[in-house]
Amino acid sequence: ATASSASANAAVAAAAAAASQPSPMQIPLHGLATDDATRLLQTKAHELQRELEIAESEVEALRAQNDNLTKELDGNDPTVVGTGKRSASLTNTLILAQRELKEAQGEVDKLRDELVRARQEAISQGRAMAEELEELRRELRSFAAAKINRDGNANFDIPEGYVLWFHSNALPQIFSLASPENADSLLQPHPTAPVEAPNLPMGITVEVDENAVAVALQANEALQEQLERVVPSRLSERQFWAHYFSHVHAIKAHVAAQARARSAEMMAKNEGYLFDPQLRDTFISVIAEGVLVRRYSPDGSLNQIKLWMSDESTLTWLVEGDFSSEESVSLSDIVKIELGKTTDTFRVGAGASAIEELSFSLITHRITLDLEASARMERQALVEGFTMLLRGLGR
């Protein structure tokens, strides 16, 4: 049971990672024009820099010429015959050289001003591009979150509080479809979830979602071996996937029905108040292994953190890969849980780009944990779980 739970949790993470890579055709790449403009501005800045370096070299040469003329003029003795005319000629040459130096210096100053403006434009354009890219990343995360939520709970009426229970009970059964002893069951679709109507109108066919196939393979490596057992010897690849998803749908529908029945039973037993020990135990077993979420800090920074229960009353987290960053808080210190972007942290820096439907905050007397899940169903499961734990403490 423990192995099944661990693999089930791994499946949720793998499915989220795979679904976070949508097809390029579905993403508006509106940042490309900004990228081209930035490159042009950077090229212009480099060209101005080269012109400035050449102009500065010319100015240095003119300065050296001026210095030489000045020395030569100062070294002439006006009492010596013939030196008067030469001195006058040198003076005129020096005046012309000084004029050229002044003009060259003016050109250098002009180039410097242009270079400063070009660099400022490049910086401004770069900032605009960064904002554009952040918006694109936000769209990608929103797309992935919506997809995971849509694919995970489509056509299933899961009662409030039972999202995590639903997945914890459905995923082990879905994983077992890849075992050798279940190969024969995939030779036909599940009887409660047919994949094709007997008489489809002309021009209509049933196709397999390639994105769903990629997610399934990434979540469960054993599924590739099951595929090779029956394809092409007994089924076509299209038939295999159609039958597989038919069985997945049947499993989810059955577990969802169990969740509804259990919820109704618990509500009746507790006079309209939902209290189910199984829900609490399921959440504790999952959160004990840890979940990865995004944490937004008041200073505007963003980190991926691992969040877990280090014991029955302590919530612990650390920045992924940085073991020196470990922090913890007692569950009894959590004052309330807020859905969405309600705190000041979500209004500044990276927090401004967080997705409303995925965000929530655990507010304590000392700090606020402002978090973003990878999918709506994940946020719902986390919020429901922490709410149960707090209710158990009489909060």
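Here, "buried" means under 20% relative accessible area, over 50% is exposed, and anything in between is partly exposed. With that cut-off, the buried residues of helix α9 are M377, E378, R379, A381, L382, V383, E384, G385, F386, M388, L389 and L390. The views below all come from a predicted model.

**Figure 1. The whole protein chain, with 9 helices and 7 strands.** Start here to get your bearings. Of the 395 residues, 39% count as buried. Take the contacts between residues at least 6 apart in sequence: 65% of them join residues at least 24 apart.

**Figure 2. Helix α9, residues 376-392, is largely enclosed by the rest of the structure.** That description holds because 12 of its 17 residues are buried. The buried set takes in charged side chains too, including E378, R379 and E384. From its first C-alpha to its last, α9 reaches 24 Å, close to the 24 Å expected at 1.5 Å a residue. Past the helix comes G394, with a positive phi near 80 degrees. For background, most residues other than glycine have a negative phi.

**Figure 3. Helix α8 meets helix α9 in a left-handed crossing.** Two packed helices are described by the angle between their axes and the distance between the axes. Here the axes of α8 (residues 277-289) and α9 come within 10 Å and cross at roughly 115 degrees. Which residues of α8 meet α9? On the α8 side they are L279, R280, F283, I284 and I287. Their counterparts in α9 are A381, L382, G385, F386, M388 and L389. Sorted by class, this contact has 9 nonpolar, 1 polar and 1 charged residues. The α9 residues named here are also on the buried list: A381, L382, G385, F386, M388 and L389.

**Figure 4. The 7 strands form an open sheet with antiparallel pairing.** Reading across, the order is β4-β3-β2-β1-β7-β6-β5. β4 (327-330) and β5 are the edge strands, each pairing on one side only. Ignoring direction, neighbouring strands are turned by 35 degrees against each other on average. Both helices from the previous view pack on this sheet. α8 touches β1 and β2, and its direction makes about 125 degrees with that of β2. α9 touches β1, β2, β3, β5 and β6, with its direction at about 155 degrees to that of β5.

**Figure 5. Strands β1, β2 and β3 are linked by hairpins.** β1 (residues 291-296) and β2 (residues 302-311) pair antiparallel over 6 bridges. Within that pair, R294 stands opposite Q304 in β2. The β1-β2 hairpin has 5 residues between its strands, and G300 in the turn has a positive phi of about 90 degrees. On to the next pair: β2 and β3 (residues 314-319) are also antiparallel, again over 6 bridges. How many residues join β2 to β3 in their hairpin? The link is made through 2 residues. Look for W308 opposite T316 in β3, and for L307 opposite W317 in β3.

**Figure 6. Strand β6 sits between β7 and β5 in the sheet order.** Is β6 (residues 359-364) largely enclosed or open? 6 of its 6 residues are buried, so the strand is largely enclosed by the rest of the structure. S359, S361 and I363 point one way, F360, L362 and T364 point the other way, and all are buried. On one side, 5 bridges join β6 to β5 (residues 334-339), and the two run antiparallel. In that pairing, S361 is the bridge partner of E338. On the β7 side (residues 368-372), 5 bridges again make an antiparallel pairing. There, L362 has L369 as its bridge partner. β6 and β7 form a hairpin with 3 residues between them.

**Figure 7. A cis peptide bond joins V231 and P232.** Most peptide bonds are trans. In this one, omega is about 5 degrees. Where does P232 lie? Look in the loop between α6 (222-230) and α7 (237-269).

Key: Residues numbered from 1 in each chain as written. Predicted model: local features only at pLDDT ≥ 70, side-chain atom pairs only at ≥ 80, totals over all residues. Heavy atoms only, no water. Buried < 20%, exposed > 50% of the residue type's maximum accessible area, 1.4 Å probe, protein only. Helix = DSSP H or I, 4+ residues; strand = E, 2+ residues; numbered from the N terminus. Pairing = 2+ DSSP bridges. Axes fitted to C-alpha atoms, helices over the stretch in contact; angles between N-to-C directions. Left-handed = near helix turned anticlockwise from the far one by under 90°. Contact = heavy atoms within 4.5 Å. Expected span 1.5 Å × (residues − 1).
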